[in-house]
Amino acid sequence: MALLDDVIDASGGMARWNSLNRFTLHLSVGGTLLSNAGHAREFKDVTAEGSTRAQSVRFTGITGGEHSGSFQPDAITIESLNGEVLRTWDNPSFASPEAGPALADELHLVFFCGVAIWNYLTTPFLLADPDVVVEELTPWHENTETWRRLRAQFPPRLVTLAPEQIFYFDETALQRRTDHDLFGMKVAHSSWAHDSFGGIVVPTLRRAQTLRPDGTVIAKPVLLDVEIFDAVFE
């Protein structure tokens, strides 16, 4: 698909991506989804280390620097900084009764952030997965710009925030927005301030907000704010 090829090239190219195995991020995550659940500062100034090849992210420095949290599709763990496993949630799911209210539990928070950050960092390359069904939609007019769009349907083997998502790309083929359902809401994840880290172009700022029925973004509340201060790919 021509648009997907352009998008992947603009983000560093598939050859460069396929040469990588891991990423390390210095980042902060905030927003009303966290603060309303009592987690306003749990993901401030943390390190995220993950695999580019498999769904796996480990956060160091959560809960005020006291703990680490690990996300994998089959298990979430909370650990002390010396590696002692304190709590475990096997076979996590957003629909699981163990999750309770959205993000109310620390294990569920690690699950949510792990899914979000891994998908953020692997997009748009993830869209080239042979099991992801991608379709180009009609363009979207954002102020004076025209953004091209892809609708992606993800297979059950990939843990995502939503099985169907719509991705928006600006005139330089960089990702600027993603729409999907989240906790019973229609949301848009806006992305900007792109920077290149080791040849991979990453949006360093992301913000999730709710959507009006016409597809325009509602400014407040800000559900999620993600700021990436630094990134290393290897």
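**Figure 1. Aromatic pairs in the predicted model.** A search of the whole structure finds nine aromatic pairs, where rings of Phe, Tyr and Trp (its six-membered ring) pair if their centres lie within 6.5 Å, and where planes under 30 degrees apart count as stacked, over 60 as edge-to-face and the rest as tilted. The rings of tryptophan 17 and phenylalanine 233 have centres 6.1 Å apart and planes at 65°, so this pair is edge-to-face. Because tryptophan 17 lies in helix α2 and phenylalanine 233 in strand β13 (residues 217-233), the pair ties together parts that are 216 residues apart in sequence. Helices (H or I, at least four residues) and strands (E, at least two) are DSSP runs, numbered from the N terminus. Tryptophan 17 and phenylalanine 233 are buried; buried means under 20% relative accessible area, exposed over 50%, and partly exposed in between (1.4 Å probe, protein chains only). Ring pairs also link Trp17, Phe125 and Phe233 into a cluster. This is a predicted model, in which local features need pLDDT of at least 70 and side-chain atom pairs count only at pLDDT 80 or more, while totals for chains, interfaces and linings use all residues. Residues are numbered from 1 along each chain as its sequence is written, and side-chain values use heavy atoms, with hydrogens and water left out.

Figure 2. For tryptophan 147 and tyrosine 168, the ring centres are 6.4 Å apart and the planes stand at 80°, so the pair is edge-to-face. Tryptophan 147 lies in strand β8 and tyrosine 168 in strand β9, so parts 21 residues apart in sequence are tied together by the pair. Tryptophan 147 is buried, with a relative accessible area of 6%, and tyrosine 168 is buried at 2%. The charged end of arginine 177 sits over the ring of tyrosine 168, 4.4 Å from its centre; a charge sits over a ring if NZ of Lys or CZ of Arg is within 6 Å of the ring centre and within 35 degrees of the ring normal. The charged end of arginine 206 sits over the ring of tyrosine 120, 4.2 Å from the ring centre.

Figure 3. Histidine 189 is found in strand β11 (residues 185-197) and counts as buried at 2% relative accessibility. The side chain of histidine 189 makes a polar contact with the side chain of tyrosine 120, at 2.8 Å, and another with the side chain of histidine 180, at 3.0 Å. A polar contact is a pair of N or O atoms within 3.5 Å; within protein, one must be able to donate a hydrogen and the other to accept it, and residues adjacent in sequence count only if both atoms are side-chain atoms. Not counting residues up to four places away in sequence, histidine 189 touches residues including Leu161, Arg176, Thr178, Arg207 and Leu224, contact being heavy atoms within 4.5 Å.

Figure 4. In helix α1 (residues 2-10), Leu3, Leu4, Val7 and Ile8 are buried. These residues cover an arc of only 130° around the axis, which puts them on the same side of α1; the arc is that of the directions from the helix axis to the C-beta atoms. The face turned away from the buried side carries the exposed residues Ala2 and Asp9. The buried residues of α1 pack against α2 (14-18), β7 (133-142), β8 (145-153) and β9 (164-169). Just after α1, glycine 12 takes a positive phi of about 130°.

Figure 5. In helix α5 (residues 106-122), 17 of the 17 residues are buried, so the helix is largely enclosed by the rest of the structure. At the start of α5, a side-chain oxygen of aspartate 105 reaches to within 2.8 Å of the backbone nitrogen of leucine 107. Threonine 123 is found in the loop between α5 and β7 and counts as buried at 11% relative accessibility. A polar atom of the threonine 123 side chain lies 2.7 Å from the backbone oxygen of asparagine 119. A cis peptide bond, with omega about 15°, joins threonine 123 and proline 124.
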